[in-house]
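Colleague: I have some questions about the labels used for this model. Can we go through them one by one?

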Amino acid sequence: MSGTTTHCPYCSLQCGMVLTPGRGGRTLEVTPWEGHPVSEGGLCRKGWTAAGLRGHRERLTTPLLRDRASGELRAVSWDEALDRVADGVRAVQAAHGPDGVAVFGGGGLTNEKAYQLGRFARVALGTSQVDYNGRWCMSSAASASNTAFGIDRGLPFPLADVERADVLVLVGSNLAETMPPAARHLDRCRANGGTVVVVDPRRTATAERADVHLQPVPGTDLALALGVLHEIDARGAVDTAYVAARTTGWEQARAAASGWWPERVERVTGVAADEVRALADLLAGCSAGRGSAVVLTARGAEQHAQGTATVLAWIDVALALGLPGRPHSGYGCLTGQGNGQGGREHGQKADQLPGYRMIDDPAARAHVAAVWGVAPRSLPGPGRSAYELLEALGTDGGPRALLVHGSNVVVSAPHATHVAERLESLDLLVVCDLVMSETAALADVVLPVTQWAEEAGTMTNLEGRVLLRQRAVAPPDGVRSDLEVMAGLAQRLDAPGEWSTDPAVVFAELGRASAGGRADYAGLSHERIAASDGGLFWPCPDAGHPGTPRLFGERFAHPDGRARFVVVEHRGPAEPVDAAYPVHLTTGRVLAQYQSGAQTRRVRDLPDTGPFVELHPMLADRLGAHDGEPVVVTTRRGELKAPARVTSTIRPDTVFVPFHWVGANRLTNDALDPASRMPEFKVCAAAVRA
Ligand SMILES: Nc1nc2c(c(=O)[nH]1)N[C@H]1C(S)=C(S)[C@@H](COP(=O)(O)OP(=O)(O)OC[C@H]3O[C@@H](n4cnc5c(=O)[nH]c(N)nc54)[C@H](O)[C@@H]3O)O[C@H]1N2
Ligand SMILES: Nc1nc2c(c(=O)[nH]1)N[C@H]1C(S)=C(S)[C@@H](COP(=O)(O)OP(=O)(O)OC[C@H]3O[C@@H](n4cnc5c(=O)[nH]c(N)nc54)[C@H](O)[C@@H]3O)O[C@H]1N2
Ligand code: SF4
Ligand SMILES: [Mo]
C-alpha cells in the first residue's frame, strides 16, 4: 500500500484511510483503507472530503493577538503570543489564585493531547478547573455504565458482534447518518435473521433500515424502558439464574417497574401499548441465552436531564434478560467524537486522573503524582463540569482566564448566547484551533495548531480499540501542535518535569500513568499498535497482553464482580411543554456536517445548507407554514428563524433543528443531569410560528 495509513479526523467509528500527498504536499488524496477491521474499506462523505481543509485559505497559520487599542486581531510571532498568554495567566493567578485559570478540552484530541492537557492543567497551572466537551456527548452513558458495571467502555464488545444478534435495539441513534459505514451491520444483522428496532421521534434513515420503528415523544425513553422491563417480568422471562449469580438489586428494580403497564407507557411516551408488548415479546425470546440481543443507546436517549437514569433503565432491561457478557449480546453506548472514548479516560475531565482514575482517590493521586514527579498534595481536587465551568467564567469566584483546545463552545454549548456573554467577560481567552471558529473569533489570543494528517497520535474508537494516527504530511509553516503549545507555556510558567512534544514519548508516559487503572494502556505503544491488525483493545496491562476485545464474560468490574440493577424513576423533561411553548424541540445531526461545523462548513464539497426546522405537515398546516419558507422557533432562551422542512417523518408534536450552525443552541435548555452534568440538548419546550 503506498501512502500513509491513518484514521478519519471526525467521528468515533474512526474509519481507516490512506493519505497520499500530491504536488509538493499541498494536496492530499484520501482513499479508504481496504481490509480495515472496523470500516472494511468504507468511508462516509465527511471522510472522503476530510482533506478539504488542507491548504484552505481560512486555515490559521500564524498566532493572532487582540490589539488593545483597536480591538482587532493582528498577526504576531509565536514568542510574542506565548509570552502574552504566560503573562496573562500569571496576572490572573496573582489576583485570583490558581483556579482563576481554566482549561477546556475536546473529545477530538488524541489520547496524547488529552492526557497532556490534564497534566498541564494540574501541574503547570495548578488548577482544578479543567473539563471538556465530552460532558455533552456520552457522559450520561459513562456515568450509567460506571454505576451498573463498574467500568465505562462505550462498547464492551467489537461493533461487528451485533451482526449475530437476534434482536438489536437502537435507542436514540441515527447511525445511518452519524456513522454511515456502520449501517452495514444493521443490514447484516437482518440478513442473518435478526430483528432491528429503532427508537427515535423521527423516522430517520436508520429507522428506514430497521424492522421496527417506535416513535416516542422526546424525553420519554425512560418510561418506555420501564414498560419493557415490566412486561418481560410479567411474562416470567427474567433470567433468574443470571440475576442471582451475576447481579444485585433486582427486587428493587422490579418493584420500581411494576407500575409501568403498557397503557400507562402509551400515555406518557406516545408509543402504542401493543408496540411495547411486541418489543417485550421480542426481547423475552432472547432471555437466559435462548437467543442473543443487544441494546445500544446514543445521544437521543442520553442528552437529557434524566440521561443517566434513562441509560440505567435500559441496562436494567439488559441485565434482567441476562445479556451482558453473553455472546453477541449486551448493552453498549455508541460514543461520538473521534476520541470520545480515550478523551474521557486520561485526565481532561474535572474529576479524573489518567487511566480512568478518580481524582479524589488518595491511591490514584499517589500513583499519578509519582509518574508526574510532584507531591500528591500539590494536585488539585475535582473541578467544575463543562457547562458549570463555562457558566462560572468571569463571575465572582469563577475563572477569569480560559484556554480552549478543541471545542467551539459558542456554537455547541447549550444556551449559547449566555455562554458567549461569559466568554466575553473574561480577562483572557486563548483558543487553539485550525480555523477561525466562532469561539476563536472572541479570543484575545488565537494559536494555530496542526490537524490530523500533520501529526501522529492515538485515538480510542467507540469499541475501546486504540488506533494509530500517523503523520502523512508536514504542517503548514507557522503552525504548531497542541503538545508544542503546552510545552512552550509550561516552560514559560516554570512547570516541573519534562514536557515532550513527541507523541510517542507522551504516549509511553500515559501508559505508565494509566497502569493499574480501569483504562489500562500500559502494554500499548505506537510501535505495537502500528504492527497490530488495526488497533488493540484496552485494558492492555503489559506488552505481552493481547488486549481485551470483550468485557464481562466472567465478571463485572465492581469489587464483588457483580453488575448493579439501579432503581430509576421517570420524571420527564426538565421543561415540559405548556400553552405558551406547546411544541417539543429536539436537536441533532445531518450526514454532511460535523458538530459545530467549524471544519465541515469550510469543506467545499460538503453541502452547507444552514439551519432548518423539520416539522410535520399537520403542524405546518396549523401554523400556515410552507416547505422552504422561514419559520420562527422561540424558547424561553432565544429565537431562531430558519427555513421549514416539512416532512411526515417527524412526530406532529415535535420539531427538529440541526446544531451544526449558530442558532440551535440559542434555543436549548441548560438543565443538567445530576450525575453526568449532561445538558438537556434533546428536548425543551418551544413555540413555532410561520
Ligand atoms: N454526520 C455526523 N456524524 C456524527 C457527528 C456529526 O456531527 N455529524 N457527530 C459525532 C458525535 S460527537 C456524536 S455524539 C454522534 C451522535 O450520534 P447520534 O446519537 O446518532 O446523533 P444525533 O443526531 O445527535 O441523535 C440521534 C437521534 O436521536 C433522536 N432523538 C432526539 N430526541 C430523542 C429522544 O428523546 N429519544 C430518542 N430515542 N431519540 C431522540 C434524533 O431524532 C436523532 O435522530 O455522531 C457522531 N457522528
Ligand atoms: N443542540 C445540540 N448541541 C450539541 C449536541 C446536540 O446533539 N445538540 N451535541 C453535543 C455533542 S455530542 C458534542 S460532541 C459537542 C461538540 O461540539 P464542539 O465541542 O464544538 O465540537 P467541534 O465542532 O468538533 O469543535 C472542535 C473544534 O476544535 C478544532 N480542532 C479540531 N482538531 C483539533 C486539535 O487537534 N486541536 C485543537 N486545538 N483544535 C482542534 C475544530 O476546528 C473545532 O473548531 O456538541 C454538543 N452540542
Ligand atoms: S463514519 Fe465517521 S470516521 Fe467514518 S468516514 Fe464518516 S466521519 Fe469519518
Ligand atoms: Mo458527541
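Colleague: What makes the pair formed by a nitrogen atom of ligand 1 and a polar backbone atom of Gly172 a polar contact?

Modeller: First, a caution: this is a predicted model. The nitrogen atom of ligand 1 is 3.4 Å from the polar backbone atom of Gly172. The cut-off for a pair of N or O atoms is within 3.5 Å. So the pair counts as a polar contact.

Colleague: Which side chains make polar contacts with an oxygen atom of ligand 1?

Modeller: His304 has a polar side-chain atom 3.2 Å from an oxygen atom of ligand 1. For Lys682, the distance from a polar side-chain atom to an oxygen atom of ligand 1 is 2.9 Å. The protein buries 99% of the 910 Å² that ligand 1 exposes when taken alone.

Colleague: How many residues surround ligand 1, and which are the closest?

Modeller: There are 32, and the closest are Asp200, Asp221, Arg589, Gln593 and Gln595.

Colleague: What about ligand 2: how do you know that Thr587 makes a polar contact with it?

Modeller: A polar side-chain atom of Thr587 lies 2.9 Å from a nitrogen atom of ligand 2. The limit is 3.5 Å, so the pair counts. From Asn408 comes a polar backbone atom, 2.9 Å from an oxygen atom of the ligand. Of the 930 Å² of accessible area that ligand 2 has on its own, the protein covers 96%.

Colleague: Why is helix H8 called roughly antiparallel to helix H11?

Modeller: The axes of H8 (residues 221–234) and H11 (residues 262–269) cross at roughly 170°. Angles over 145 degrees count as roughly antiparallel. That makes H8 roughly antiparallel to H11. The two axes come within 9 Å.

Colleague: Which residues of H8 and H11 meet?

Modeller: From H8, they are Ala223, Leu224, Gly227, His230 and Glu231. From H11, they are Pro262, Val265, Val268 and Thr269. The residues of this contact divide into 5 nonpolar, 3 polar and 1 charged.

Colleague: What is the phi of Gln14, and where is Gln14 found?

Modeller: Phi is near 55°, a positive value in a residue other than glycine. Most residues other than glycine have a negative phi. Gln14 is found in the loop between strand E1 (4–7) and strand E2 (16–21).

Colleague: Is the peptide bond from Trp538 to Pro539 cis or trans?

Modeller: Cis, with omega near -5°. Most peptide bonds are trans. Pro539 sits in the loop between strand E21 (536–537) and strand E22 (563–564).

Notes. Residues are numbered from 1 along each chain as its sequence is written. Chains are lettered from A and ligands numbered from 1 in the order in which they are written. This is a predicted model: local features need pLDDT of at least 70, side-chain atom pairs count only at pLDDT 80 or more; totals for chains, interfaces and linings use all residues. Side-chain values use heavy atoms; hydrogens and water are left out. Axes are lines fitted to C-alpha atoms, for helices over the stretch in contact, and angles run from 0 to 180 degrees between N-to-C directions. Helices (H or I, at least four residues) and strands (E, at least two) are DSSP runs, numbered from the N terminus. Angles under 35 degrees count as roughly parallel, over 145 as roughly antiparallel, 65 to 115 as roughly perpendicular and the rest as oblique. Contact means heavy atoms within 4.5 Å. Ala, Val, Leu, Ile, Met, Phe, Trp, Tyr, Cys and Pro count as nonpolar, Asp, Glu, Lys and Arg as charged, and the others, Gly among them, as polar. A polar contact is a pair of N or O atoms within 3.5 Å; within protein, one must be able to donate a hydrogen and the other to accept it, and residues adjacent in sequence count only if both atoms are side-chain atoms. Accessible areas come from the Shrake-Rupley method with a 1.4 Å probe; for residues, only the protein chains shown count as cover. A residue is near a molecule or strand if one of its heavy atoms lies within 4 Å of it.
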